[in-house]
Every structure is written in C-alpha cells, then in structure tokens.
Amino acid sequence: QVQLVESGGGLVQAGGSLRLSCAASGSIFSINAMGWYRQAPGMQRELVAAITRRGTTNYADSVKGRFTISRDGAKNTVYLQMNSLKPEDTAVYYCFKESIIGSLDWGQGTQVTVSS
C-alpha cells in the first residue's frame with residue numbers, strides 16, 4: 001500500500017493562487033500518468049488535471065485557462081499551479097499515480113479552501 005506525498009493546500013481569497021505538489025517514488029519509467037482529483041462534501045469526484053509520461057495534459061473544463069499541471073522529472077514530482085481561484089474550487093485534492101500496467105496509488109489529500 002503506497003501513499004503519495006502531497007502538499008500545498010491552504011486558505012486563499014477568491015482571485016488568489018496556490019501551488020500543489022505531489023512526490024512519487026520508484027522508477028520514472030513505471031509511471032504512465034499523474035494528476036489530481038478533487039471532491040467536496042456532497043459533490044461528485046472530479047478529475048481536475050493529469051499529465052502523461054509523454055507530457056500530454058488534460059484539464060477539466062472548469063479549470064482550463066486557470067490551472068497548469070507540470071512535472072519535475074528529476075524528483076518524480078508533479079505540480080498543479082492554480083490561479084484565479086474561485087470559491088467553487090474549494091475541495092479536498094487527491095494526487096494520483098497510474099502505473100504503466102494501470103494500477104493506481106493515491107496521496108493523502110490536501111484541503112483547498114477559497115473564500116469570497
């Protein structure tokens with residue numbers, strides 16, 4: 001049972017920015033994709049952003065133009081830069097890692113709260 005280490009959440013006012021990070025371990029060649037889901041109480045789980053081994057990215061429509069996912073290959077770390085934050089971005093953000101054979105590992109979650 002592997003838990004990814006993620007950090008960077010916090011409290012910010014609407015219009016502000018936060019940067020999430022998620023650190024993986026092991027061979028970088030075993031990773032197919034990494035990214036974040038988010039979930040708020042009473043809400044559906046939503047895929048926020050993902051980046052593949054080839055460097056292609058995917059974003060939820062609700063965050064396009066505001067969030068950017070990137071990676072640091074030397075440290076097996078991915079980052080989610082979140083700008084122009086809105087109250088509806090408030091949620092627990094869970095980092096995930098997908099292996100090349102399809103298995104998933106999850107981070108412990110980090111709370112993002114955006115006040116109006």
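1. Starting with accessibility: buried means under 20% relative accessible area, exposed means over 50%, and partly exposed is in between (1.4 Å probe, protein chains only). On that scale S84, at 41% relative accessibility, counts as partly exposed. S84 sits in the loop between β8 (77-82) and β9. Its phi is near 50°, a positive value in a residue other than glycine. For the labels, helices (H or I, at least four residues) and strands (E, at least two) are DSSP runs, numbered from the N terminus.

2. Some housekeeping: this is a predicted model, so to speak of local features takes pLDDT of at least 70, side-chain atom pairs count only at pLDDT 80 or more, and totals for chains, interfaces and linings use all residues. Residues are numbered from 1 along each chain as its sequence is written, and side-chain values use heavy atoms, with hydrogens and water left out.

3. Two strands pair if DSSP finds at least two bridges between them. Strand β4 (residues 31-39) and strand β5 (residues 46-52) run antiparallel and are joined by six bridges, with W36 standing opposite A49 in β5. Their hairpin has six residues between the strands, and G42 there takes a positive phi near 75°.

4. I51 has T57 in β6 as its bridge partner. Four residues lie between the strands in the hairpin of β5 and β6, and G55 takes a positive phi near 95°.

5. Next, β9 and β10. These run antiparallel, with three bridges between them, and F96 finds its bridge partner W106 in β10. They form a hairpin with four residues between them, where G102 in the turn has a positive phi of about 95°. As a rule, in a regular strand the side chains alternate between the two faces of the sheet.

6. How many aromatic pairs does the structure hold? There are three, where rings of Phe, Tyr and Trp (its six-membered ring) pair if their centres lie within 6.5 Å, and planes under 30 degrees apart count as stacked, over 60 as edge-to-face and the rest as tilted. One of them is Y37 with W106, tilted, at 5.5 Å centre to centre and 50° between the planes. Y37 lies in strand β4 and W106 in strand β10 (residues 104-107), so this pair ties together parts that are 69 residues apart in sequence.

7. W106 also pairs with F96: the ring centres are 6.1 Å apart and the planes are at 50°, so the pair is tilted. With F96 in strand β9 (residues 91-99) and W106 in strand β10, the pair ties together parts that are 10 residues apart in sequence. F96 is buried, with a relative accessible area of 7%, while W106, at 30% relative accessibility, counts as partly exposed. Ring pairs link Y37, F96 and W106 into a cluster.

8. Y37 has a charged neighbour too. The charged end of R45 sits over the ring of Y37, 4.5 Å from its centre (the test is NZ of Lys or CZ of Arg within 6 Å of the ring centre and within 35 degrees of the ring normal).

9. R45 turns up again in the second largest pocket, whose lining consists of R38, Q39, A40, M43, Q44, R45, E46, E88, T90 and A91. On a 1 Å grid over the protein atoms alone, a cavity is a set of points where a 1.4 Å probe fits but cannot get out, and a pocket is an open set with protein on both sides within 12 Å along at least five of seven lines; lining residues have an atom within 4 Å of a point. The volume is about 150 Å³.

10. Two C-alpha separations to look at in the viewer. G8, in the loop between β1 (3-7) and β2 (10-13), is partly exposed with a relative accessible area of 29%. The C-alpha atoms of G8 and Q111 are 103 residues apart along the chain and separated by 8.7 Å. T68 lies in strand β7 (residues 67-72) and, at 44% relative accessibility, counts as partly exposed. T68 and N32 are 36 residues apart along the chain, with 19 Å between their C-alpha atoms.

Conventions
Points joined across faces, edges and corners; volume = space filled by probe spheres on them.
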